Amino acid sequence: MSEARTASAPSPAAGGTGHPQPGRRRALRILVVVLAVGQPVSSLVFDWLSPTTLQSGAEFSPIVPPGAWFAVWGVIIVLSIAWALAQVRPSTITAATGIRDRLAGPMAVVYACFALWLAAASLGQENPAGLAVFLVIIAAHVIAWMRVVTARDEIASWNPLERGLLYGMLGTYSGWTSMAFFVQIATVTQGSGAAVDTGWGITWQALVLAAATGAAVGFVAVSRGSIVYAVTVTYALVGVGLSTTEAGLTALWITCIAGVSIVWASVVTVRVLDA
């Protein structure tokens, strides 16, 4: 009998409840804050020390949005830091593991990868190393969205401000980076010597945009029709459309319009099915 009681007793390492100790979960959330704040810091370090500068617009590549479009990073970073501070509040750390705890891991990876991508970009935007970083970011966002969707009832009990902060941060960050991945695929391909204004050049760029649209539809499905995600993707594709228009590549900006239409059609479809 004593052996049976010993075997069924909760592990002390699990906090006596089957959940990781609050101290460990608090430490991970603090790490999220540190990494979120590290994003603007690493951006400043890049500006000071990088031997290269980030280029944009049609003069660099037809699929790269105009320079002003990248101001969205300011919004993303502010939302990241605001979310990091919100999720570390002592009142949100409970005995049971909640969605804030389950998001801490993937978001820590995303915030850390911001600095890693800048390090890769310092080698040149045509360097494929940045693509590997983007893949990690996208994978972390997929995990985060899956966890958010399964915890919608818990999130619904939060105050509207914190709920909006989570969906806003995750939607803008995943929306922009999922499209940026394909933009970099185009710059890497162009950097390898591929033409951009010939028949073949227009074809391969249209295929990249089609793949970006497919990825966006996948994210819409995983996020169960996130409006913020769709708005951010629309913003990105409009920026690409402006650059392709400036480059005189009509077929590509038409592809962008088609992509936006498909993304919003998928949002409506997912939301109707979930209703």
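In the lining of the largest pocket, 23 residues are nonpolar, ten are polar and one is charged. The structure is a predicted model. The largest pocket holds about 680 Å³ of space, and the second largest pocket has a volume of about 170 Å³.

**Largest pocket**

- A total of 34 residues line the largest pocket.
- Lying nearest the centre of this pocket are Leu54, Phe70, Trp73, Trp117 and Trp176.
- Several helices each give at least two residues to the lining of the largest pocket: α2 (22–49), α3 (72–87), α4 (99–121), α5 (129–150), α7 (160–191), α8 (199–222) and α9 (227–246).
- With seven residues, α7 provides the largest share of that lining.

**Second largest pocket**

- The lining of the second largest pocket consists of Trp145, Val148, Val149, Arg152, Tyr167, Ser223, Arg224, Ser226, Ile227, Val228, Arg271 and Asp274.
- By residue class, this lining comprises six nonpolar, two polar and four charged residues.
- At least two lining residues of the second largest pocket come from each of α5, α9 and α10 (250–274).
- The largest share of the lining here, three residues, belongs to α5.

- α5 supplies at least two residues to the lining of the largest pocket and at least two to that of the second largest pocket.
- α9 likewise supplies at least two residues to the lining of the largest pocket and at least two to that of the second largest pocket.

Terms used:
Residues numbered from 1 in each chain as written. Predicted model: local features only at pLDDT ≥ 70, side-chain atom pairs only at ≥ 80, totals over all residues. Heavy atoms only, no water. 1 Å grid on protein atoms, 1.4 Å probe; cavity = no way out; pocket = protein on both sides within 12 Å on 5 of 7 lines; lining within 4 Å. Points joined across faces, edges and corners; volume = space filled by probe spheres on them. Helix = DSSP H or I, 4+ residues; strand = E, 2+ residues; numbered from the N terminus. Nonpolar A, V, L, I, M, F, W, Y, C, P; charged D, E, K, R; others polar.
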